[in-house]
Amino acid sequence: MNKKLMLVIFTFFICSNVFALDACTTSELSRLKELANNVEFKRNYKITEDEEEHAIDVLYNIDIINRDKDLKIYYKTAYDTEKIELSSRETNVGDFAPTENVTFYIHAYAENACITKLLKTVTVKLPVYNEYYYFHKDKCGSYPNFKYCQEFLDTEKGEAEIDKLFDEYIESTKPKSEVKKDSKTYLYFGILAGVVVIAIVVVAIIKINKKKKDDL
């Protein structure tokens, strides 16, 4: 009886230890969540310029950094009907259009009861690239605070309209003393032009009168 009892107790402890190893404990879940938090998603883009259309085509790629073997990652855009699983070798996904935001789902992939548990969700936003900024980098480099000089901006305004707003912006940023100086300069030129016109008219009248006298 003692041997049988000892065998039962021994078997119980072995099963308990196996269960403990396979259980999704708080510490194991914390470890997996820490691994998930270490994963980074870095967006980058490539631009193709269409010179004939004076336009650009932008496509985004997303690098996956610090991925661990105990994690399984899926992703999905607003246009996907189901989540797409990334293989363990994939460290990059791409060819996404602007505004096609990508949501990543990080699941546990450890050999215990934590497997498939969702650990973290990350959404990577893919903004619209500003064509005006792309074609006027020199101008925007000198005036980075101009509203339409942001690298990422969604606007329906055309280039001609933005150029007009840009000229108005430059004028508004000039010091008042400079504006006054410009106004005085324009005034002087106006007065000078007026004097020249009057002088020409006077000379013309004198010549006409002199000619009339000579004719008499």
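## Salt bridges and surface charge in a predicted model

Glu28, Arg31, Lys69 and Asp70 are linked in a network of salt bridges, a salt bridge being a side-chain nitrogen of Lys or Arg within 4 Å of a carboxyl oxygen of Asp or Glu. The structure holds eight salt bridges. This is a predicted model, in which local features need pLDDT of at least 70 and side-chain atom pairs count only at pLDDT 80 or more, while totals for chains, interfaces and linings use all residues. Residues are numbered from 1 along each chain as its sequence is written, and side-chain values use heavy atoms, with hydrogens and water left out.

**Overall picture**

- The protein has six helices and seven strands; helices (H or I, at least four residues) and strands (E, at least two) are DSSP runs, numbered from the N terminus.
- Starting at the N terminus, the order of elements is α-α-β-β-β-β-β-β-β-α-α-α-α.
- Of the 216 residues, 23% are buried (buried is under 20% relative accessible area, exposed over 50% and partly exposed in between, with a 1.4 Å probe and protein chains only).
- Among contacts with a separation of 6 or more, 56% are between residues 24 or more positions apart (a contact means heavy atoms within 4.5 Å).

- Arginine 31 and aspartate 70 pair through their side chains at 3.1 Å, N to O.
- This pair links distant parts of the chain, 39 residues apart: arginine 31 sits in helix α2 (residues 26-38), and aspartate 70 in the loop between β2 and β3 (71-77).
- Aspartate 70 is buried, at 13% relative accessible area, whereas arginine 31 is partly exposed at 34%.
- Lysine 69 also forms a salt bridge with aspartate 70 (3.5 Å, N to O), and lysine 69 is exposed at 68% relative accessibility.

**A bridge between two helices**

- Aspartate 163 and lysine 139 form a salt bridge of 3.1 Å, N to O.
- Because aspartate 163 lies in helix α5 (residues 159-173) and lysine 139 in helix α4 (residues 137-142), the pair ties together parts 24 residues apart in sequence.
- Both partners are partly exposed: aspartate 163 at 23% and lysine 139 at 26%.

**A negative patch**

- Glu49, Asp50, Glu51, Glu52, Glu53 and Asp57 form a negative surface patch.
- Patch residues have over 30% relative accessible area and no salt bridge, with like charges joined within 9 Å.
- Aspartate 57 belongs to strand β2 (residues 55-65) and is partly exposed at 43%.

How values were computed:
Patch = residues over 30% accessible without salt bridge, like charges linked within 9 Å, V, L, I, M, F, W, Y side chains within 5 Å. Areas by Shrake-Rupley, 256 points an atom, 1.4 Å probe, with all protein chains shown as cover. Lys, Arg positive; Asp, Glu negative; His and termini not counted. Charge placed at Lys NZ, Arg CZ, Asp CG, Glu CD.
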